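Please read them with the structure open beside you.

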Amino acid sequence: MLRSALIAASRSAACRSVVERTPVMRPIVSRFVAGSTVDDAVRVARELAVDRLISLDHLGEDTVDRSQAEQTTEAYRVLLARLAAEGLGERAEVSVKLSALGQALPVDGEKIALEHTRRICEAAAAAGTTVTVDMEDHTTTDSTLATVRALRADFPSTGTVLQAYLKRTEADCADFAGPGSRIRLCKGAYDEPSSVAYRDKSEVDKSYVRCLKVLMAGQGYPMVATHDTRLIAVAEELAGNARRSRGEYELQMLYGVRPRVQQELAGRGLRMRVYVPYGTEWYPYFMRRLGERPANLVFFLRALARR
Ligand code: FAD
């Protein structure tokens, strides 16, 4: 219930204005968000690149303003040029949200988002790196997967995300487990109805294992995105059963979440990628992170009370 309330708050303009205007919130936000500028993103990427891989996310989502979608596209192109100039192209890729690139525009949204993402893929190819398309709420899944299929015709390394809480995902994993695919498997971060999603935590975890089995047995490159150490142990075991070497799959976690576990796993020689968001549009991303762990919410409420 708490998680649902925070996800609802992540879409509320009134809550947004209170939280964004509360200065004591800054230190809590900076635990999960690298900063507001490209310089901040590159600085954090350089620090992490010592032992980890990185996926950078220029924050933003749900835009219904075409010029905003164009600005986001340009921001990614600037970021990718910087990654190339800094020699970070081999360690750092980018993650994009189609709803930030125009998918939600009332006219031709899907087409516009595809064109914008194509331009980002071109810049990523020039920088020697890849793009992963994030997955948003279930109303966008078909459109997002269709866009990724279209992108892969020209940019075969384009990755995407599948969410284990959706009942459809085991079948989607089978569809996307072919050669060259890059699939990030996560539990799912939105508040979805029981008609399409498992709502019980243990059901989601069981689905995650079923999906992992399909991806690990397939011919693609599984990206295991979870902070759940039991599931990471299962992923390692399934990778071993499928005779995958350590270079044939990777683990992923979010910036600011379980950093010591990230270091330990990287220290054991596993490929560990950190998803690093940056930018000024941090509010919805931050609220989803609060909902994932009650202790985060306690810090947040204390900060609000102090304002
Ligand atoms: P949980 O069962 O939620 O957490 C396991 C343990 O990890 C918890 O007990 C806690 O100790 C720790 N933990 C988890 N979250 C937090 C947190 N916020 N703060 C502190 N500790 C925490 N979701 C999407 O819907 N679409 C995406 O495109 C997407 N991309 C992602 C990319 C990456 C790299 C990762 C790691 C996650 C992504 N997610 C995405 C979010 C994901 O769906 C989950 O909401 C999130 O990862 C929490 O689930 P969990 O697997 O860590 O398991």
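1. Which element gives the largest share of the shell around the ligand? This is a predicted model, and in it the largest share, three residues, comes from β7. There are 24 residues around the ligand, of which D134, C186, A189, T226 and H227 come nearest. The elements that give two or more residues to this shell are β4 (159–163), β5 (182–186) and β7 (250–254). Sorted by class, the shell around the ligand is made up of ten nonpolar, six polar and eight charged residues.

2. The contact between the domains can be followed residue by residue, with nine residues of domain 1 in contact with eleven residues of domain 2. On the side of domain 1 that touches domain 2, α1 (2–9), α3 (26–32) and α12 (283–291) each supply at least two residues, and α12 gives the most, with three residues. The residues of that side of domain 1 divide into six nonpolar, one polar and two charged.

3. Helix α12 deserves a paragraph of its own. Seven of its nine residues are buried, so α12 is largely enclosed by the rest of the structure. The buried residues of α12 are Y283, Y285, F286, M287, R289, L290 and G291.

4. Turning to the strands, a closed barrel of eight strands runs in the order β1-β2-β3-β4-β5-β6-β7-β8, with parallel pairing, and the twist from one strand to the next averages 30 degrees. Strand β1 (residues 53–58) pairs with strand β8 (residues 272–278) in the parallel sense over six bridges, and here I54 has V274 of β8 as its bridge partner.

5. Strand β2 is joined to β1 by four bridges, the two strands running parallel, and D57 stands opposite S95 in β2. β2 is mostly covered, with five of its five residues buried. A92, V94 and V96 point one way from β2, whereas E93 and S95 point the other way, so a charged residue, E93, is among those counted as buried here.

6. Strand β5 pairs with β4 in the parallel sense over five bridges, and R184 in β5 is the bridge partner of V161. Like the strand in the previous point, β5 has five of its five residues buried and is mostly covered. From β5, R182, R184 and C186 point one way and I183 and L185 the other way, all of them buried; C186 is also one of the residues that come nearest the ligand.

7. Is P222 buried or exposed? P222, which is found in strand β6 (residues 221–225), has 28 other C-beta atoms within 10 Å and is therefore buried, the cut-off for that class being 20 or more. Leaving aside its neighbours within four places in sequence, P222 is in contact with I183, L185, L215, M216 and Y249, and two of these contacts, I183 and L185, belong to the residues that point the other way from R182, R184 and C186 in β5. P222 and V24 are 198 residues apart in sequence and 39 Å apart in space, C-alpha to C-alpha.

8. E61 lies in the loop between β1 and α5 (66–85), yet E61 is buried, because 21 other C-beta atoms lie within 10 Å. Not counting residues up to four places away in sequence, E61 touches K97, S99, A100, E136 and P284. E61 and D108 are 47 residues apart in sequence and, from C-alpha to C-alpha, 17 Å apart in space.

Notes. Residues numbered from 1 in each chain as written. Predicted model: local features only at pLDDT ≥ 70, side-chain atom pairs only at ≥ 80, totals over all residues. Near = placed C-beta within 6 Å. Pairing = 2+ DSSP bridges. Axes fitted to C-alpha atoms, helices over the stretch in contact; angles between N-to-C directions. Buried ≥ 20, exposed ≤ 12 C-beta atoms within 10 Å, placed from the backbone. Contact = placed C-beta atoms within 7 Å.
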